[in-house]
Amino acid sequence: MSISMEGGWWKTVRNAFAKVPEIVRVVHDMRVGGCHEEFRAARDQCRRERERLRSMADGKPGDDVVSCAKATAALRKCMEGKDVLAKHLVAMDDGIKEDEWRGWDPYMQAKRATGYRWWTGMKNCEEEYY
């Protein structure tokens, strides 16, 4: 993300602060639903894999992909059947599908930039990486 005067640095700041209420709501719901530890573990595991892929030229999945998929599966299992987390589970499923199938679409890329996407980098299943 670059901050330039042409685009207005204030717009970048405003957009960043606009995501704060959504971030707070997700974290609060995860704590209330009892899935905060699984949520944190999945975010950490999947962030490591994203950072590794960015730094490597080959872009091939590594061991962290399996860890990310397992952490995502544990989070999904924890979230299932909890009313307070139902909307987040649906959002995660839809978001992962968007990330996998529509990463090339400029409209989807612009849409992603405007919202808080806590599931970014998470994987549905580990079987596709073997």
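The structure, a predicted model, holds two disulfides.

Biologist: What makes the pair Cys 35 and Cys 78 a disulfide?

Modeller: The sulfur atoms of Cys 35 and Cys 78 are 2.0 Å apart, and a pair of cysteine sulfur atoms within 2.5 Å counts as a disulfide, so the pair qualifies.

Biologist: How do you know whether Cys 35 and Cys 78 are buried or exposed?

Modeller: Buried means under 20% relative accessible area; Cys 35 has a value of 0% and is therefore buried, and Cys 78, with 13%, is therefore buried as well.

Biologist: What makes the link of Cys 46 and Cys 68 a disulfide, and which hand does it have?

Modeller: For Cys 46 and Cys 68 the S to S distance is 2.0 Å, which lies within the cut-off of 2.5 Å, and with 90 degrees about the S-S bond their link is right-handed. Cys 46 sits in helix α3 and Cys 68 in helix α4, so this pair ties together parts that are 22 residues apart in sequence. Both Cys 46 and Cys 68 are buried.

Biologist: Which pattern do the disulfides of the protein chain follow?

Modeller: With bonded cysteines counted along the chain, the pattern is 1-4, 2-3.

Biologist: Why is a set of residues called a nonpolar core, and how many residues has the largest one here?

Modeller: The name applies because the residues are buried, come from a list that includes Leu, Met and Trp, and are joined through side-chain atoms within 4.5 Å. The largest such core has 19 residues, and those with the most contacts inside it are Met 30, Leu 75, Met 79, Met 92, Trp 118 and Met 122. Helices α2, α3, α4 and α5 each supply at least two residues of this core, and α4 gives the most, with five.

Biologist: Which residues does Met 92 touch, leaving out those up to four places away in sequence?

Modeller: Met 92 touches Thr 72, Leu 75, Arg 76, Trp 118, Trp 119 and Met 122.

Biologist: How many helices and strands does the protein chain have?

Modeller: The protein chain has six helices and zero strands, and buried residues make up 32% of its 130 residues.

Notes:
Residues numbered from 1 in each chain as written. Predicted model: local features only at pLDDT ≥ 70, side-chain atom pairs only at ≥ 80, totals over all residues. Heavy atoms only, no water. Helix = DSSP H or I, 4+ residues; strand = E, 2+ residues; numbered from the N terminus. Buried < 20%, exposed > 50% of the residue type's maximum accessible area, 1.4 Å probe, protein only. Contact = heavy atoms within 4.5 Å.
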